[in-house]
Each structure stands twice: as C-alpha cells, then as structure tokens.
Amino acid sequence: MAHYNAQMAGGGMHPSQQPMRGAFSPIDPQQQQQQQQFQHNAYGPGSQPQQFQSPGPIGMASHPLPPPQQQQQQQQHHQQQQQQGAANPNFNMAYGFLGQDFQNNQAAQLGMQFAGSAMNAMQENVQQNVNRYVNMRQLKHFFDVSNIYVLAKLRVLMFPWLQRNWHRQAERDATGQVVGFKPPRDDANSPDLYIPTMGLVSYVIIIGLIIGRLGVFHPEDLGYTASSALGIIVFEVLLIKMFCYLLNVGSELQFLDILAYSGYKFVSTIVVVLFKPWAPWWMTWFAFFYSGFALAFFMIRSLRHALIPESSAVTGINVHRKRRVHFLFVIAMLQYLYIWVLIRYKSSKP
C-alpha cells in the first residue's frame with residue numbers, strides 16, 4: 001500500500017488507467033517500463049501473466065480448442081457426410097427424419113412383418129374369391145397371343161372362305177393324354193379375348209370421333225356406346241348358353257369360347273362404321289352385306305365342330321343334329337342384326 005501510494009504521489013498511474021492507444025501507435029518506452037514494473041509487483045519476480053482465451057458467444061461456455069489431429073478427423077467426417085448426402089438425396093430424409101434408431105427398433109420391425117403377413121393373407125383371399133367365379137389360368141390362356149396370330153385372325157375374319165382347316169389343335173401332357181386346346185399363340189383357329197377387347201375399345205373411340213365430327217358430342221356418348229355394345233354381347237352369350245342347355249351341348253363350348261366368338265363382330269362393325277360417314281351410300285351397303293356375310297360364315301365354321309360334332313364320336317347325337325343345324329343358322333343370321341344396331345350411332349343427348 002505504501003509502495004502504491006508512493007507511486008501515486010510521484011505522479012504514476014496504474015497501467016489499466018493509462019490512456020488507450022491505437023493498434024498502430026508507437027510504443028512509449030516509459031509506458032513499457034511502467035507495465036513491466038506493475039507485472040513485477042503483482043505477480044512476483046520471474047512470473048508470467050496468465051493467458052486467457054477469447055470468450056465465446058454470449059451464453060456459451062468457453063472450451064479449450066481441440067488438438068490439430070482431432071480437428072482434422074472432424075473435418076474429414078463432415079466431408080464424408082456431405083458427399084454421402086450429395087450422392088443419395090434420400091439419405092438426409094431417411095436418416096435425418098426417421099433416425100438411425102428406427103431400423104434397430106424391434107417394435108417397428110415386428111409391425112412391418114405383421115403388415116406384410118396381413119397383405120399376403122388379403123391377396124390370397126382375393127385370389128380365392130376371384131377364382132371361384134373366373135378361372136384366372138384359363139383367362140390368361142385366351143390372352144396368350146402374338147402378332148402373327150392377330151394378323152392371321154384378322155385375315156380369317158375378313159376372308160373366311162380362304163381358310164381350309166378349321167379344327168382346333170389339342171394340347172397333350174407328357175403321357176400323351178389330351179388336356180385341352182393349344183393357346184391362340186400356337187393355333188390360329190383357337191378363340192381369343194384380345195381381339196374382341198381391342199375391337200370394343202376401338203369401336204367406342206371411333207364412334208366418339210364420328211359424333212364429335214358432327215358437332216353433337218357429349219362425354220356421356222362414350223358410356224352410352226360402350227353400354228349398348230356390352231348389352232348386345234351379353235344378350236348373344238345368354239342366348240347361345242340357353243340353346244346349348246336345351247340342345248344338351250356339353251363341355252364342347254365353354255363360356256369364354258362363346259364370349260370370344262361373340263366379340264369378333266366388332267371387327268366387322270368397325271369396317272362398316274368407317275365407310276358410313278365418308279363413302280357413298282352404295283359402298284356403305286356393300287361393306288355392310290359383305291362384313292355380315294363374312295362374320296356369319298366365320299361363326300358357322302367355327303361353332304360347327306362344337307355344336308355338331310362327328311356322329312361316330314358321340315352316341316345319340318343324331319337326335320339333336322337337325323335342331324343344332326337350325327340353331328347354328330339362326331346364330332349366323334343374327335350377326336346382320338347386331339351389326340345393324342351397332343352402326344346406328346347417335347348422341348345420347350338430342
């Protein structure tokens with residue numbers, strides 16, 4: 001205290017009370033000597049003042065800087081995360097949002113297994129209910145077609161009198177027993193559902209385009225045209241099934257076979273529909289009679305082997321043979337009526 005008072009009395013000032021100087025101001029020798037004298041008195045001889053780190057942000061504790069090796073490892077880890085996030089954009093979403101612990105969560109894994117089992121059971125139940133009414137394997141058989149088959153079938157539909165062989169080829173197993181008929185891909189005389197389906201869709205689209213060209217198109221016209229076409233198909237299939245039951249026709253003609261043969265009329269109908277708006281009236285009538293006759297001839301030759309099999313193969317068939325011939329002729333003549341109804345398109349709204 002006496003020493004301090006002596007300094008104050010001698011006009012000396014504490015170093016902290018010295019006036020501040022700029023960063024580039026020259027060092028005064030007298031001030032430097034006074035600072036050294038103050039450090040000597042405060043810390044003792046030979047001691048160094050304690051070095052303090054610059055404080056961090058407000059509210060955060062100051063920590064010592066990590067060693068250079070640890071800083072390098074942290075930088076490498078940070079760079080690897082950035083590269084992985086750039087390579088996989090979903091990385092940040094999957095692992096940043098859900099977290100790494102989600103994959104290791106046993107409850108989540110158990111829930112996923114339970115959901116998978118439930119979906120498999122539901123799929124099996126749906127397949128069993130569908131197979132109860134529709135045989136999916138048999139349905140796939142009717143869609144097993146190729147480009148060569150489609151072209152050959154269209155040729156037969158338009159020029160049926162050029163076809164010589166109308167018998168379907170039987171499919172045999174490894175023991176040589178007949179297990180059914182070959183798919184359409186391997187037999188041009190086999191009925192299919194691909195051409196009738198595409199024919200129905202094409203017919204509806206063409207009718208919509210023609211009505212739109214007339215300037216009276218409404219969106220309901222597409223549904224009206226499709227429902228009318230499906231109604232004709234349903235009526236013909238039910239009519240044939242009823243006569244097959246009355247004439248004691250067995251398993252020679254299946255339901256999907258009848259549906260396929262009934263759907264072939266859309267090919268002939270499309271030909272007449274395309275002639276009607278642009279061709280003269282006599283060409284339209286010629287296309288109508290020609291397409292109807294070709295379709296009737298095709299139906300007779302295709303259904304003949306199923307409705308009127310060989311007398312030597314089936315006993316008692318001569319009793320219903322004459323009735324079956326008449327029934328086959330009625331089916332052929334009704335094709336004109338069906339085509340006439342389908343080509344009389346009109347808008348559903350006046």
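In this predicted model, α8 (residues 194-213) and α9 (220-246) pack at an angle of about 140°, their axes lying 9 Å apart; the two helices are therefore oblique to each other. Axes here are lines fitted to C-alpha atoms, for helices over the stretch in contact, and angles run from 0 to 180 degrees between N-to-C directions. Angles under 35 degrees count as roughly parallel, over 145 as roughly antiparallel, 65 to 115 as roughly perpendicular, and the rest as oblique. Leu200, Tyr203, Val204, Ile207, Gly208 and Ile211 of α8 meet Asp221, Leu222, Thr225, Ala226, Ala229 and Leu230 of α9, where contact means heavy atoms within 4.5 Å. These residues comprise nine nonpolar, two polar and one charged; Ala, Val, Leu, Ile, Met, Phe, Trp, Tyr, Cys and Pro count as nonpolar, Asp, Glu, Lys and Arg as charged, and the others, Gly among them, as polar.

Helix α8 also packs against α11 (residues 265-275), at an angle of about 20° and with the axes 9 Å apart. This pair is therefore roughly parallel, and its crossing is left-handed. On the α8 side the contact includes Ile195, Pro196, Leu200, Tyr203 and Ile207, and on the α11 side Phe266, Ile270 and Leu274 are among the residues involved. By class, the contact of α8 with α11 has 12 nonpolar, three polar and no charged residues.

Helix α10 (residues 255-263) is largely enclosed by the rest of the structure, because seven of its nine residues are buried, that is, under 20% relative accessible area with a 1.4 Å probe and protein chains only (exposed is over 50%, partly exposed in between). They are Leu256, Asp257, Ile258, Ala260, Tyr261, Ser262 and Gly263, and they pack against α6, α8, α9, α11 and α12.

Overall, the protein has 13 helices and two strands, taken as DSSP runs numbered from the N terminus (helices H or I, at least four residues; strands E, at least two). Strands β1 (residues 170-172) and β2 (residues 178-181) run antiparallel, joined by three bridges. Of the 350 residues, 27% are buried.

Residues are numbered from 1 along each chain as its sequence is written. Local features need pLDDT of at least 70, side-chain atom pairs count only at pLDDT 80 or more, and totals for chains, interfaces and linings use all residues, while side-chain values use heavy atoms, with hydrogens and water left out.

How values were computed
A crossing is left-handed if the near helix is turned anticlockwise from the far one by less than a right angle, and right-handed if clockwise. Two strands pair if DSSP finds at least two bridges between them.
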